[in-house]
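Thanks, everyone. Please bring it up on the screen.

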Amino acid sequence: MHLPQPATVKTFATQFYMYAAIAVGAFLAAFSIAVFLLPNSIIDGGIVGLAMIGGNIFGNKLFPYFFILLNLPFLFLAYRHVGKVFVMHMFFAYALFVASLFFIHGYMPWEFEGDKLEVVVIGGAILGIGLGIIIRYGGCIDGTEILGIIINKKLGFTVGQVVLVCNILIFSLAGLVFPDWHTPIFSLITYMVVIKVMDSVIVGLDEIKSVLIISSKSKAIAEAIMHELGLGLTIMYGRGGFSGDEREIIYVIAERLQLAELKELIHREDPHAFIAIENLHEVASGKHGNDMVKKRVKIQNIISRILGKPAT
């Protein structure tokens, strides 16, 4: 019994889109390291950083071999402790990253020559974009995160804590290997740029806020929010811990640019209203989620047409 053709094509288009994105991310990461960071003796964190230290000592062209050698144990650990699907994505990202390095060394042997600050900002931004794309679509090229997942399961330390300790040790090692401490300091700054850009790519550039409003004039505030700002909201019911009074609690999701107008509106209706604002990394339903789904489906339809297969 065969599955219907439309479902098969949709799945294939989705997988193709995901692996194509990982391929782009792997190339950008390799380009940043080969063209910007390695020629200027700047390293990244994690296992990639260890491989870069080896490349700086024994020759930059050996960096891919150090990368392969150091990451092989983590592929095995990921297979044992994380899951087969993740290992497939991880291996695919590894393979494309290494292939991109060999391609760049063979056909694009460029070396960026400029001020250290230019190297840090431009190289770090490109690397952050590349790594962010890889992680966003389910891949990984750094073994310290695998180590963090395993230690988190066994000992309870968070993945972030494990990665931080590993990077402190790696940057300290760089300080011992390189002639002066300028290199590890610039490497640390580069790492911060990479993390910031990578997070922006993973969670998106849109800054979405969740707003919790507690007020005795909740009805007037809710009406103003819906009719003046055009925002949807949810009304929940709560009770004060000390007073025992029952209150309506308004929950709103708003864009960052709408926040100032929203607060002004709330304080206009009730100057004593309590407002709690939090960052949201992603909204998976409603307007924002539908927009994301529509964009992804549109790209998958384009891929299906290119491949000469039906898109539905």
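Start with α3 and α6. α3 covers residues 63–81, α6 covers residues 143–155, and the two pack at an angle of about 40°. Angles under 35 degrees would count as roughly parallel, and the roughly perpendicular range is 65 to 115. So α3 and α6 are oblique to each other. Their axes are 9 Å apart, and the crossing of α3 and α6 is left-handed. One thing to keep in mind: this is a predicted model.

Who makes the contact? From α3, look for Asn71, Phe74, Leu77, Ala78 and His81. From α6, look for Gly143, Ile146, Leu147, Ile150, Lys153 and Lys154. By class, the contact of α3 with α6 has six nonpolar, three polar and two charged residues.

Stay with α6 and turn to its packing with α7. Helix α7 is residues 159–177. α6 and α7 pack at about 130°, axes 8 Å apart. The roughly antiparallel class needs an angle over 145. Therefore α6 and α7 are oblique to each other. The crossing of α6 and α7 is right-handed. On the α6 side, the contact uses Thr144, Glu145, Leu147, Gly148, Ile149, Ile151 and Asn152. On the α7 side, it uses Val159, Val162, Val163 and Cys166. The classes in the contact of α6 with α7 are seven nonpolar, three polar and one charged.

Back to α3, with another partner. Helix α4, residues 84–107, packs with α3 at about 175°. The axes of α3 and α4 are 10 Å apart. The angle makes α3 roughly antiparallel to α4. The residues of the contact of α3 with α4 divide into 18 nonpolar, two polar and one charged.

Now aromatic pairs. How many are there in the count? The count comes to 14 aromatic pairs. Take Tyr17 and Tyr137: their ring centres are 5.6 Å apart and their planes stand at 90°, so the pair is edge-to-face. This pair links distant parts of the chain. Tyr17 is in helix α1, residues 5–37, while Tyr137 is in the loop between α5 and α6. They are 120 residues apart.

Last stop, the sheet. In what order do the four strands of the open sheet stand? The order is β2-β3-β1-β4, with antiparallel pairing. β2, residues 233–239, and β4, residues 274–280, stand at the edges. Each has a single partner strand, so one side of each is left without a neighbour in the sheet. The twist averages 25° from one strand to the next.

Two pairings in detail. Strand β1, residues 208–214, is joined to β3, residues 246–255, by seven bridges. Val211 stands opposite Val252 in β3. β2 and β3 also pair over seven bridges, in the antiparallel sense. There, Tyr237 stands opposite Glu248 in β3. The hairpin of β2 and β3 has six residues between the strands, and Gly244 in the hairpin takes a positive phi near 80°.

Helix α9, residues 218–229, lies across β1, β2 and β3. α9 runs at about 20° to β3. That's my tour.

Notes. Residues numbered from 1 in each chain as written. Predicted model: local features only at pLDDT ≥ 70, side-chain atom pairs only at ≥ 80, totals over all residues. Heavy atoms only, no water. Pairing = 2+ DSSP bridges. Axes fitted to C-alpha atoms, helices over the stretch in contact; angles between N-to-C directions. Contact = heavy atoms within 4.5 Å. Left-handed = near helix turned anticlockwise from the far one by under 90°. Nonpolar A, V, L, I, M, F, W, Y, C, P; charged D, E, K, R; others polar. Phe/Tyr/Trp six-rings, centres within 6.5 Å; stacked < 30°, edge-to-face > 60°.
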